[in-house]
Every structure is written in structure tokens, then in C-alpha cells.
Amino acid sequence: MSNTGNEKHVKVLILGSGPAGLSAALYAARAELAPVVLTGMQLGGQAALTHVIENYPGFPEGVGGAQLGELFQKQAEHFGATVEFDLANAVDFSQRPYKVTTDSGEYTADSVIITTGASPNMLKIPKEVELTGRGVSYCATCDGWFFKDKKVVIVGGGDSALEEGLFITRYASSVTIIHRRDELRAGAILQKRAMDHPKINFIWNTIVTEAVGTEKLEALKLKNVVTNEESTFETDGLFVFIGHTPNSQMFKGKLEMSELGYIKVNEKMETSVPGVFAAGEIADPTFRQVVTSAGMGAAAAIQATRYLEEAESVHT
Ligand code: NAP
């Protein structure tokens with residue numbers, strides 16, 4: 001990394017510190033490219049908010065999400081990556097070196113690997129925003145403890161809803177999973193565990209239309225989508241797990257994206273701008289697993305290395 005005033009120049013700048021970003025950092029570091037990782041808001045990405053990850057190979061007993069992130073970071077740093085607690089907020093890919101403006105200054109980079117991931121979707125119902133942190137939450141690992149011996153509702157029917165619901169049973173007196181259909185999207189193992197759990201019950205074909213409460217969440221207004229019947233359900237907590245939206249706002253108009261805002265990449269993790277790569281959930285609406293994100297990150301770094309080698313050979 002070289003410094004000119006408040007501007008730092010790097011060969012490989014990685015935006016995001018989830019499994020994709022830190023795996024890219026490991027591979028770029030081992031290629032002696034001294035990559036710099038800008039952590040973004042969440043060191044370790046969404047995976048760090050997961051209590052236990054049971055499907056990352058090499059950990060037969062499971063591994064804590066935050067712990068896995070720390071191990072990824074340590075391994076990347078061991079080979080020469082630098083991890084900066086900084087947030088990118090603007091990019092200029094119109095000419096090389098590319099410019100990235102952050103909270104603390106400006107970077108120029110010969111190549112950029114984008115691994116900014118995705119953020120949880122909100123229900124977009126009245127009082128949801130006001131009551132966030134006052135009973136409404138999007139992270140069981142972060143907030144589960146506050147619901148000791150309390151009644152909790154989970155919205156969603158995917159793996160996240162069931163996995164986090166099972167986690168909250170450690171604290172809550174009861175967990176009610178409200179799903180808009182009568183069939184879950186989650187995998188069979190999680191379905192069986194949730195169905196068999198004595199603290200978990202389900203409300204089917206139902207949506208939450210409003211959060212109720214002033215100082216804190218007190219109840220939810222529900223609507224059965226088959227019968228249109230409306231009801232009120234008293235609860236202390238509402239955890240929302242209804243999918244994610246890619247964190248790609250910053251790249252609008254600068255990189256090709258899908259309608260849903262995922263950055264388009266080819267099989268080499270190349271975006272529409274040469275030397276700019278994307279990996280992990282920002283570019284993957286399909287798999288979104290720690291292991292697939294890590295694999296994409298490694299592939300992006302290998303391709304960035306090739307790109308830099310080719311660019312260098314053209315200039316010499
Ligand atoms: P997801 O699979 O997209 O599931 C989202 C759930 O929310 C669906 O059941 C969906 O209902 C429901 N939903 C969406 N919008 C809604 C709305 N406005 N109101 C009410 N319900 C709504 O998301 P995810 O569970 O976060 O999982 C994301 C990815 O990560 C998946 O690929 C998943 O396999 C993976 N993941 C894996 C694990 C694991 O393997 N242990 C753990 C967590 C996540 P419908 O079913 O009706 O569409």
C-alpha cells in the first residue's frame with residue numbers, strides 16, 4: 001500500500017469482510033498482492049451473526065459464525081492482507097486506477113473485488129421501524145438473549161426463519177413461526193427439528209399487517225390470506241427472516257446488475273468493468289452459503305491476480 005496525502009494506492013482493494021471478502025483476501029495475499037479489506041459495517045458479514053454454522057466443511061461439530069470470521073481474518077492477515085475498519089461509500093470505475101471513497105479518505109486500486117453482501121428485508125408494515133430494537137429484530141444471535149422467558153414470533157418459512165427460531169428457543173418461553181403459505185421453503189432437516197420442538201408452533205397462511213406498541217412491541221395484527229380473517233396476537237418479540245436485498249446501491253449505473261440488484265458476473269467473477277470482480281451474496285441470488293461465497297471469493301482473487309499479471313505484461 002502506498003500513501004499520497006489522504007489517498008492510498010493498493011493493487012487489490014476488497015470491499016466487505018464476509019466469507020467472500022476474507023477468502024479473496026487470503027488468495028490475493030498468498031499471490032503477494034498485499035490486499036486491503038474494507039470491513040464495511042459488519043466485520044465477518046452476515047455469517048458472523050449466525051450462532052452456529054453446521055454446514056461449513058471441516059467443522060463436524062459446527063462453528064460459531066463470528067469465530068469462523070475471526071479464523072478467516074487471521075489466516076488472510078497471516079499471509080499479508082490488511083483489514084481496515086472502514087466503509088466504502090462511493091466508487092469511480094470510469095478510469096484506472098479505480099477510485100473508492102471511504103469514511104476515512106480515498107483509495108486508488110488497480111483492481112477491486114466487491115463482496116458487500118446483502119441486508120435483511122423488512123416487512124414494511126406500520127410501526128416496524130419505530131419498534132426496531134424495542135421488540136422488533138432481524139438478528140437472533142444479536143438480540144435473542146433479550147427475550148428470556150418471553151413470547152416470540154418469527155416471520156418467514158425459509159432456512160433462516162427455522163434456524164433462528166430454533167436458536168431463540170434457548171431463551172424464549174414460546175416461538176410462533178408465522179408463514180404466508182402452508183408449506184415451508186426450508187430444508188428437510190430444519191423442518192423436522194422445528195416441527196418436533198416442544199416450544200415451536202406454527203401459524204399458516206398468515207401475514208403480519210401491523211406491529212402494535214408505543215414504548216415497546218406489545219402485539220401484532222395478523223391476516224389469514226385464505227379466509228381474510230384478521231386477528232391480534234400478543235407477543236414480546238418479532239423476528240423477521242424474509243430474505244435479503246443485495247448491498248449494491250453504490251454500484252448502480254456503474255456495473256451491470258440484475259433487476260433485483262445483484263451484480264452480474266461471469267464464471268470468472270468478472271463484472272462488466274475489467275479489473276472489477278464481485279463475489280458472494282452480492283453476486284449470488286441462488287446459493288448464498290458460507291462455503292459457496294468463500295469459493296466465489298477465492299475465484300475472484302485468482303482472476304484478479306491473472307488480470308493484474310496481464311495488465312503488467314502489457315505495460316512492460
Ligand atoms: P429465503 O429462502 O428467501 O426465504 C424467505 C422466506 O420469507 C420464504 O419462506 C418467503 O415465503 C418468506 N417471505 C418473503 N417475503 C415475505 C414477506 N413480505 N412477508 C412474509 N413472508 C415473506 O431466505 P432465507 O431463509 O434468509 O435464506 C436465504 C438463503 O440462505 C437460502 O438459500 C437458504 O437456503 C440459505 N440459508 C441456509 C442455511 C442453512 O443451510 N443452514 C441457513 C440460513 C440460510 P415463501 O416461501 O412463500 O416465498
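Guide: First, some sorting rules: Ala, Val, Leu, Ile, Met, Phe, Trp, Tyr, Cys and Pro count as nonpolar, Asp, Glu, Lys and Arg as charged, and the others, Gly among them, as polar. Keep in mind, too, that what you see is a predicted model.

Let's start at the ligand. Domain 1 (2-119 + 244-315) and domain 2 (122-240) both give residues to the shell around the ligand, so the ligand lies between them. There are 20 residues around the ligand, and the ones that come nearest are Asp159, Ser160, Glu163, Arg181 and Arg185. If you sort the shell by class, you get five nonpolar, nine polar and six charged residues. Helix 4 (residues 159-168) provides the largest share of that shell, with three residues.

Now zoom in on some atoms. In the side chain of Asp159, an N or O atom is 2.6 Å from an oxygen atom of the ligand. Ser160 does something along those lines: an N or O atom of its side chain is 2.7 Å from a ligand oxygen. Then there's Asn55, which has a polar side-chain atom 2.9 Å from an oxygen atom of the ligand. As for cover, the ligand on its own has 900 Å² of accessible area, and the protein covers 77% of that.

On to the empty space. Rolling a probe the size of a water molecule over the atoms shows where empty space is left. In this structure, there is one cavity of 30 Å³ or more. The largest cavity holds about 40 Å³ of space. Its lining is made up of Pro19, Gly44, Ala47, Ala48, Gly65, Leu68, Gly69, Phe72 and Val290. Helix 2 (residues 65-78) gives the most to this lining, with four residues. Here the sorting rules come in handy: the lining of the largest cavity has six nonpolar residues, three polar ones and no charged ones.

Before you go, here are a couple of backbone details to find. Arg96 and Pro97 are joined by a cis peptide bond, with omega about -10°. You'll spot Pro97 in the loop between strand 7 (88-92) and strand 8 (98-102). Another loop, between strand 10 (118-120) and strand 11 (136-137), contains Lys127. The phi of Lys127 is near 75°, a positive value in a residue other than glycine.

Methods:
Residues are numbered from 1 along each chain as its sequence is written. This is a predicted model: local features need pLDDT of at least 70, side-chain atom pairs count only at pLDDT 80 or more; totals for chains, interfaces and linings use all residues. Side-chain values use heavy atoms; hydrogens and water are left out. A residue is near a molecule or strand if one of its heavy atoms lies within 4 Å of it. A polar contact is a pair of N or O atoms within 3.5 Å; within protein, one must be able to donate a hydrogen and the other to accept it, and residues adjacent in sequence count only if both atoms are side-chain atoms. Accessible areas come from the Shrake-Rupley method with a 1.4 Å probe; for residues, only the protein chains shown count as cover. Helices (H or I, at least four residues) and strands (E, at least two) are DSSP runs, numbered from the N terminus. Domain bounds come from an automatic or database domain assignment. On a 1 Å grid over the protein atoms alone, a cavity is a set of points where a 1.4 Å probe fits but cannot get out, and a pocket is an open set with protein on both sides within 12 Å along at least five of seven lines; lining residues have an atom within 4 Å of a point. Grid points are joined across faces, edges and corners, and a volume is the space filled by probe spheres set on the points.
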